[in-house]
Amino acid sequence: MNQTDFELLSSILKERSGLVLTPDKTYLLESRLVPIARKRGMAGLEDLVSSIRQSKDEAVLSDITEAMTTNESFFFRDQKPFDVFEKEVLPKLLESRADKKTLRIWCAAASTGQEPYSLAIVLKENAAKMAGWRTEIVATDLSNEVLEKAKSGLYSQFEVQRGLPIQFLVKYFNQVNEMWQIDASIRGMVQYKPLNLLENFGGMGTFDVVFCRNVLIYFDQDTKAEVLGRTAKIMPSDGMLFLGGAETVLGVTDKFKPVDGLRGVYAVA
Amino acid sequence: MKKCLVVDDSKVIRMVARRILEELNFEIEEAVDGQDALDACNRTMPDAVLLDWNMPVKSGIEFLRDLRKTDGGGDPVVVFCTTENDMSHIREAIEAGANEYIMKPFDREIIEAKFAQVGLL
Ligand SMILES: C[S@@+](CC[C@H](N)C(=O)[O-])C[C@H]1O[C@@H](n2cnc3c(N)ncnc32)[C@H](O)[C@@H]1O
């Protein structure tokens, strides 16, 4: 691919999803975008790029954007954050919200649903302590394709073996042919909505807990700071933010501060 | 170093499992069926057992039931690793005292994830 084509595509991606693509990732453009070109009857990437030059077809651009996202996820990813949520964060919230008895959680890059469903399982496991509580898990992602999969709650044998304890598989899943489907009682706890983090999300209400994991790594510093700044605005002063293992607020924003002893967890500053 | 007993009648599977588990710092012993495994446990109790289901002489589930009845046999963490991938087998395994359950085919990532979950890593 020539440099002008690369620059055109990478500027589109940066603008539409925040993704920063370096030239060493050119192969990714090729492997992921050629199928999109083919689907539209074009020979390859060059035709796709020239069609974009001629007219900015929204459907093509959004296909390209979705195709370039990395959607890998697993149940209870990294384990620790979910333990921290259950053992440290949840008990405090149950105490501080005891009068209102409401709890709102946002998964800001939910991908195929493993993260919101893991949180839903944790809440379900703690149901005895939460009688009479109204809990909401709102799960959003830029990509409609992953949201469809998330809603179906259907996972392959490989996917249910990455991070999900076998007891939870038995308790919360049903076997559907070769696949495993998470039970309707868990599915019903999560609301899915398409949302681009680059766009305004101020209208979603406030969230006591935000999981924004393994998405900021794809953005540049300014975009990270900007997204985190707007996230802090929709959280109460005692709200908690969970980031991915390779992500931090340090050196990025002063709207959040690390919580002593809890890695990957940040409090509203 | 933790000891893991790999029980499978397939030499190939034992070899693949051994390679993965050695990289995860386990000392490996192998057994070719449930009886062989029980004998090995009676000599020295391992920390972990990676256990196939269908084997000649004595199956994995029979081994597990016997193991849990022996002195000290409650200690090893037992992870099934089998092509039996339906809910009734999984339930039966848990009831017999299995700690985790891997459905074949498996790879390094799955073994590592499952062993981490049960606190072996
Ligand atoms: C690697 S997955 C992370 C999934 C999950 N949070 C986890 O940690 O396992 C990253 C997700 O971020 C989504 N994403 C990328 N850019 C986004 C944006 N600008 N707005 C919303 N979602 C975005 C992708 O579609 C993808 O599903």
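**Entry 1**

I started with D141(A): an N or O atom in its side chain sits 2.6 Å from an oxygen atom of the ligand. I keep in mind that this is a predicted model. Next I looked up R77(A), where a polar side-chain atom is 2.7 Å from a ligand oxygen atom. For R213(A) the backbone is involved: one of its polar backbone atoms lies 2.9 Å from a nitrogen atom of the ligand. I then checked how much of the ligand is covered, and the protein buries 98% of the 610 Å² that the ligand exposes when taken alone.

**Entry 2: the shell and the pocket**

Which residues come nearest to the ligand? I found S73(A), R77(A), A109(A), D141(A) and N214(A), out of 21 residues around the ligand. Sorting that shell by class gave me 9 polar, 7 nonpolar and 5 charged residues. I also looked up where the ligand sits, and the space it takes is the largest pocket.

**Entry 3: the domains**

Then I turned to chain A as a whole. I noted two domains in chain A: domain 1 covers 3-69 and domain 2 covers 80-268. How many residues does the contact take from each domain? I read off 10 residues from domain 1 of chain A and 10 residues from domain 2 of chain A. Taken over C-alpha atoms, the centres of domain 1 and domain 2 of chain A are 30 Å apart.

Key
Residues are numbered from 1 along each chain as its sequence is written. Chains are lettered from A and ligands numbered from 1 in the order in which they are written. This is a predicted model: local features need pLDDT of at least 70, side-chain atom pairs count only at pLDDT 80 or more; totals for chains, interfaces and linings use all residues. Side-chain values use heavy atoms; hydrogens and water are left out. A residue is near a molecule or strand if one of its heavy atoms lies within 4 Å of it. A polar contact is a pair of N or O atoms within 3.5 Å; within protein, one must be able to donate a hydrogen and the other to accept it, and residues adjacent in sequence count only if both atoms are side-chain atoms. Accessible areas come from the Shrake-Rupley method with a 1.4 Å probe; for residues, only the protein chains shown count as cover. On a 1 Å grid over the protein atoms alone, a cavity is a set of points where a 1.4 Å probe fits but cannot get out, and a pocket is an open set with protein on both sides within 12 Å along at least five of seven lines; lining residues have an atom within 4 Å of a point. A molecule sits in a cavity or pocket if more than half of its atoms lie within 2 Å of its grid points. Ala, Val, Leu, Ile, Met, Phe, Trp, Tyr, Cys and Pro count as nonpolar, Asp, Glu, Lys and Arg as charged, and the others, Gly among them, as polar. Domain bounds come from an automatic or database domain assignment. Contact means heavy atoms within 4.5 Å.
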